[in-house]
Amino acid sequence: MSDALLSVEGLEAGYGEVQVLWGLSLKARRGQLTAIVGANGAGKTTTLRAIAGTLTPWGGRVMFGDEDVTRLPSHVKAGRGLALVPEGRQLFSAMSVAENLELGAFSPHSSRSYAERLNQVFGLFPRLAERQRQRAGTLSGGEQQMVAIARGLMSDPEILIIDELSLGLAPVVVYQLLATLKQLKQAGLTILLVEQNVHLALALSDYAYVIAEGRIFTEGQPAELAAKPEIRRAYLGL
Amino acid sequence: MTAMLELDRVTKRFGGLLAVNNLSFVMQPGEILGLIGPNGAGKSTLFNLINGVFVPNSGRIVFNGIDITGEKPFLVAHHGLARTHQIVQPLTNMTVLENCTVGACFGREDLPLHRATEAARRAAALVGLDDRLHMLALHLTIAGKKRLELARALAAQPKLLLLDEVLAGLNPTEVEHMIGVIRRIRDSGVTILIIEHLMQAIMSLSDRIVVLNYGEKLAEGLPADVARDPQVIEAYLGDPKLAMQLESKDGGASHGNAANV
């Protein structure tokens, strides 16, 4: 068994005629938090969507464990333990918190009961237990992000992929969510995170990739990366 | 010398959103000015204000000595200002030559059709589409459509050209080619205002850079200076305080790596 739970090789993807990813490769190692950073339009969300299967790659491979999952649809990947927390939360806003969580729980691969998983996410986010009957659309932004992460966790994933954790959230909420991610990581979950705040991503991750123009611009341990001017070059060109 | 373009405290609101806020800058003839900024900074809105698609709520836009504030796009085009669109807008059921001819007919001069066709041929040749003059625009590849977008604007024989992401979605070879085309256009005497997400490209092409953030001018200057401006770096990389506070709150959650840039 290799140490990479997820490995992406030469990924190419785009929309219509416009190619966004030009042969991008990365790995998410087991039990680690891997971060992806990069400027707007660099291809971060496209990378996550191509991995999760909400967008079909044009070329390249997505390996999940020892299996090639490149062409599998997103619901099949979700069923095998690859969960995406999409940018902007994408909750079912007219449904209750509990119903949103229930929809995340269709997972043939999970060995744990629905009640066990629900207990786990309520343990991580006590606020959601209090608000389980409330419509998701009426929650605060931070609470909605909690529901989105909890919904992802309800599938009992092996890897949790989060697109833009901190976007639009107050710092105090961000700290809470980060503390939760740390707990999840300690419990053995593999996490792949896109985060717009580079400093936060580096502070949090075990390994980080910097994307620019649809390719990996540089990568490394956060401490190495933080010391190099490459990140600024990836964002600002000079 | 008359400035090619002068924006004087231009503001545009959409309901409660200040898309462009009290923005001023000046462009000199022959200059390439790069306009950068995070998504939603107001770059494309600014193009729409300059060429008359939107009317500013306040402020003045002066083009080559003429006040064009609030003027209709077709009149602005007559004055010698042409633009491309981020999402290419070819007339799909017309040929490459016909598309460019349309640009020439409604540009700086009221050309009769045969002279418009000549201008169209020259523009198509300049971007390297002269081998596909009679191909329908819909049959072009995306790179071809991007070139056509540029050629149609050029056929109008503009003094000022606004380029909105002409490099996006092109492969590296095509990007190189397009950069060469843009340089040739400038060398032929056209002033260029360019929006581009490919930072390497825009930083090397531009004589000066204006950085927009939340509709306001965050910085202006030479590319090398702008890239080292701490405010610009923060706008792109995020607030370093968030990570520093995270460390002080919970040393364990963080490895203490704030980017040192």
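**Figure 1. The open six-stranded sheet of chain B.** In this predicted model, six strands of chain B form an open sheet in the order E6-E7-E8-E3-E9-E10, with mixed pairing; two strands pair if DSSP finds at least two bridges between them. Helices (H or I, at least four residues) and strands (E, at least two) are DSSP runs, numbered from the N terminus. Strand E6 (81–83) and strand E10 (216–221) of chain B stand at the edges with a single partner strand each, so one side of each has no neighbour in the sheet. Direction ignored, neighbouring strands of this sheet are turned by 20 degrees against each other on average. Helix H1 (residues 43–50) of chain B packs on the sheet, where it touches strand E3 (32–36), E6, E7, E8 and strand E9 (208–213) of chain B. The direction of H1(B) makes about 150 degrees with that of E7(B); axes are lines fitted to C-alpha atoms, for helices over the stretch in contact, and angles run from 0 to 180 degrees between N-to-C directions. Residues are numbered from 1 along each chain as its sequence is written, and chains are lettered from A and ligands numbered from 1 in the order in which they are written. As this is a predicted model, local features need pLDDT of at least 70 and side-chain atom pairs count only at pLDDT 80 or more, while totals for chains, interfaces and linings use all residues.

**Figure 2. Strand E8 of chain B and its two partners.** Strand E7 (residues 160–164) and strand E8 (residues 191–195) of chain B run parallel and are joined by five bridges. B:Leu163 stands opposite B:Ile194, and B:Leu160 has B:Thr191 as its bridge partner. E3(B) also runs parallel to E8(B), with four bridges between them; here B:Leu35 is the bridge partner of B:Ile195. In a regular strand the side chains alternate between the two faces of the sheet. B:Thr191, B:Leu193 and B:Ile195 point one way from E8(B), and B:Ile192 and B:Ile194 point the other way. Five of the five residues of E8(B) are buried, so the strand is largely enclosed by the rest of the structure. A residue is buried if 20 or more other C-beta atoms lie within 10 Å of its own, exposed if 12 or fewer, and partly exposed in between, with C-beta atoms placed from the backbone.

**Figure 3. The open four-stranded sheet of chain B.** Four strands with antiparallel pairing follow the order E2-E1-E4-E5. Strand E2 (17–27) and strand E5 (66–67) of chain B are the edge strands, and each pairs on one side only. Seven bridges link strand E1 (residues 5–14) of chain B with E2(B) in the antiparallel sense, and B:Val10 stands opposite B:Leu23. H1(B) lies across E1, E2 and strand E4 (58–63) of chain B, and runs at about 65 degrees to E2(B).

**Figure 4. The hairpin of strands E1 and E2 in chain A.** Strand E1 (residues 4–15) of chain A and E2(A) run antiparallel and are joined by nine bridges. A:Tyr15 stands opposite A:Val18 in E2(A). Two residues lie between the strands of this hairpin, and A:Gly16 in the turn has a positive phi of about 60 degrees.

**Figure 5. The side of chain A that touches chain B.** In this view, 32 residues of chain A are in contact with 37 residues of chain B; contact requires that the C-beta atoms of two residues, placed from the backbone, lie within 7 Å. Strand E2 (18–29), helix H7 (171–186), helix H8 (198–204), helix H9 (222–227) and helix H10 (230–236) of chain A each supply at least two residues of this side. Its residues divide into 21 nonpolar, seven polar and four charged. Ala, Val, Leu, Ile, Met, Phe, Trp, Tyr, Cys and Pro count as nonpolar, Asp, Glu, Lys and Arg as charged, and the others, Gly among them, as polar.

**Figure 6. Helix H7 of chain A.** A:Val174, A:Leu178 and A:Leu181 of H7(A) are buried. They cover an arc of only 60 degrees around the axis, which puts them on the same side of H7(A); the arc is that of the directions from the helix axis to the C-beta atoms. A:Val172 and A:Gln186, on the other side of H7(A), are exposed. A:Gly188, with a positive phi near 105 degrees, follows the helix.

**Figure 7. A:Tyr235 and its surroundings.** A:Tyr235 lies in helix H10 of chain A and is buried, with 26 other C-beta atoms within 10 Å. Not counting residues up to four places away in sequence, A:Tyr235 touches A:Ala39, B:Met199, B:Tyr236 and B:Leu237. A:Tyr235 and A:Val37 are 198 residues apart in sequence and 9.6 Å apart in space, C-alpha to C-alpha.
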